[in-house]
Amino acid sequence: MERNVAALVLAAGKGTRMSSALPKVLHPACGKPLIAWPTEAALGAGASPVVLVLGHGGDVVERAVRRRFGDTVRTARQEAQLGTGHAARVGLEALGAWSGTVLIVYGDCPLLTSEHLAALVDLRHRTAAPLALWTTRVDDPHGYGRVLRGSDGLPERIVEEKDATPEQRRIDEINPGVYAADAAWLRTALGRLTPANAQGELYLTDLVAAARADGRGVATLEVDAKETQGVNDRAQLAAAAAVLQERVIRRAQLEGVTFLLPTSVVVDADVRFGVDVTVGPLVQLTGATDVKDEVVVGAGCVLHDTVVAAGSIIHPYSVCDGARVGEGCTVGPFARLRPGAVLDEGAHVGNFVEMKKARLGKGSKANHLTYLGDAEVGAGANIGAGTITCNYDGVGKYQTTIGDGVFVGSNATLVAPVTIGRGGYVAAGSTISADVPEDALAIGRGRQENKPGYAAGLRARNAERAKKKP
Ligand code: UD1
Ligand code: CA
């Protein structure tokens with residue numbers, strides 16, 4: 001592929017048909033903002049520089065773009081949205097006197113691939129055409145610009161839906177909006193565009209007629225509709241996201257992930273997998289989740305920004321957000337790991353256990369009905385069923401520290417700040433509000449009293465009372 005390739009991503013439009021306060025190009029598909037998809041495709045095709053033309057919601061979009069791409073892309077501002085041709089002018093100005101091939105794509109087209117962008121640049125070169133563009137055949141061309149071909153079979157011009165005659169509207173070859181143009185020619189051609197059309201805008205699509213007027217040919221590359229679907233409303237967003245989801249899952253499958261019911265899962269594009277991972281039905285993996293080798297994620301689990309180290313099992317219906325699970329751990333079923341939950345190697349967290357900003361040391365267990373918040377638990381500890389760290393006094397949050405090898409009996413309440421020294425033992429049902437020294441036994445509850453025969457007497461008295469009841 002030619003070395004000198006730049007790209008313009010046009011994304012200044014309002015996206016009225018989304019009916020949203022969020023700029024259209026920031027709506028996510030598979031966890032990434034729409035604009036990130038064509039931008040990554042352009043970068044993947046070797047384009048540099050890549051200029052994003054922003055306008056509507058420009059500051060918000062700019063921040064999102066910087067978070068994701070840092071300084072690897074440039075931005076330009078189209079203050080008034082005077083049409084796609086005007087947006088391209090603004091983008092081209094940001095390139096200065098640059099020469100080479102300029103790829104132009106729309107920020108609302110997330111399905112295009114680097115391969116076919118690179119192929120378009122190649123095509124322009126081979127044919128020496130000033131302009132090359134993708135075309136697509138679709139069942140329902142509604143809303144798209146139609147490609148009008150002359151008697152020689154070459155494209156003569158593109159006519160927008162709003163400008164088309166009923167006959168032209170029946171043409172099923174449409175303009176998906178991907179162009180490769182020679183920079184010098186593009187500069188003069190964009191300068192000559194006029195808003196003589198139904199929308200009073202400068203149409204980028206008029207470049208086709210401009211090339212023909214210059215007596216030059218326009219090269220076309222037919223690309224499958226699956227790659228060219230644009231997003232103008234939320235129904236199209238869902239359709240595009242479904243295609244992206246299929247691709248993300250396919251890639252994961254090739255990398256060694258088994259999905260027991262692939263059509264039922266939600267997997268963000270940035271999620272990473274090791275090999276021999278098994279993902280059950282109805283699982284949702286989002287954000288920067290990283291699931292390493294031989295992990296099993298059971299049915300119905302939701303993992304966001306969570307790292308699961310090799311060989312761990314997340315049993316069904318567990319919800320993990322911002323958690324780190326070490327090697328060989330088991331979690332759930334029905335566990336909730338909130339931000340800052342950390343499980344060291346071989347730790348176990350069982351059903352109805354919630355952890356927040358809490359570490360469970362190597363091989364430690366909290367198997368049933370427990371809340372560990374703002375807590376540090378050492379290695380080899382056992383946290384009994386129903387244990388609660390009382391970390392909040394209504395005003396501030398406090399820390400609970402539990403040493404290595406501690407045994408906390410069932411239904412203990414640990415009132416923070418509190419420390420249980422290593423090897424300590426907390427009797428079941430205790431309320432612990434003072435530190436427990438190493439290897440000590442702490443009992444914090446009423447002493448048991450047995451009254452022999454008392455139950456039988458009590459039953460007899462109760463029976464008498466019931467008989468007298470009116
Ligand atoms: C455009 C094409 C149409 C094509 C379709 C493919 C034109 C005139 N029409 O129509 O032939 O079939 O895309 O999806 O190009 N934008 C700006 N500044 C503007 C106007 C638009 O940056 O002043 C950006 C938008 O943010 C959007 C892209 O350009 O990302 C396309 O604009 P949109 O209004 O969606 O064009 P369509 O009507 O879909
Ligand atoms: Ca569009």
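I take two strands as paired if DSSP finds at least two bridges between them. I apply this to a predicted model.

**Entry 1**

I looked up strand 26, residues 336-337, and found it joined to strand 28 by two bridges, with the two strands running parallel.

I then turned to strand 25, residues 330-331. Two bridges connect strand 25 with strand 28, which spans residues 348-360, and the direction is parallel. I traced Thr 330 to its bridge partner in strand 28, which is His 348.

Strand 27 covers residues 342-343, and I note that two bridges link strand 27 to strand 28, again in parallel. For Val 342, I find Arg 359 as the bridge partner in strand 28.

**Entry 1: strand 28 and strand 29**

Over how many bridges do strand 28 and strand 29 pair? I count ten bridges, in the parallel sense, with strand 29 made up of residues 365-377. I also looked up Ala 358, whose bridge partner in strand 29 is Ala 375.

For side-chain orientation I keep one general point in mind: in a regular strand, side chains alternate between the two faces of the sheet.

I next examined ligand 1, which has 23 residues around it. The nearest of these are Gln 78, Thr 84, Tyr 106, Glu 160 and Asn 175. Sorted by class, I find nine nonpolar, ten polar and four charged residues in the shell.

From Gly 13, a backbone N or O atom lies 2.8 Å from a ligand oxygen atom. For Asn 175, I note a backbone N or O atom 2.5 Å from an oxygen atom of ligand 1.

I then looked up the accessible area: ligand 1 taken alone exposes 760 Å², of which the protein buries 89%.

**Entry 2: location of ligand 1**

Where does ligand 1 sit? I find ligand 1 in the largest pocket. The elements that contribute two or more residues to the shell around ligand 1 are strand 1, residues 5-11, and helix 3, residues 84-94.

Methods. Residues numbered from 1 in each chain as written. Chains lettered and ligands numbered in written order. Predicted model: local features only at pLDDT ≥ 70, side-chain atom pairs only at ≥ 80, totals over all residues. Heavy atoms only, no water. Near = heavy atom within 4 Å. Polar contact = N/O pair within 3.5 Å; in protein donor to acceptor, adjacent residues only side chain to side chain. Areas by Shrake-Rupley, 256 points an atom, 1.4 Å probe, with all protein chains shown as cover. 1 Å grid on protein atoms, 1.4 Å probe; cavity = no way out; pocket = protein on both sides within 12 Å on 5 of 7 lines; lining within 4 Å. Sits in = over half its atoms within 2 Å of the grid points. Helix = DSSP H or I, 4+ residues; strand = E, 2+ residues; numbered from the N terminus. Nonpolar A, V, L, I, M, F, W, Y, C, P; charged D, E, K, R; others polar.
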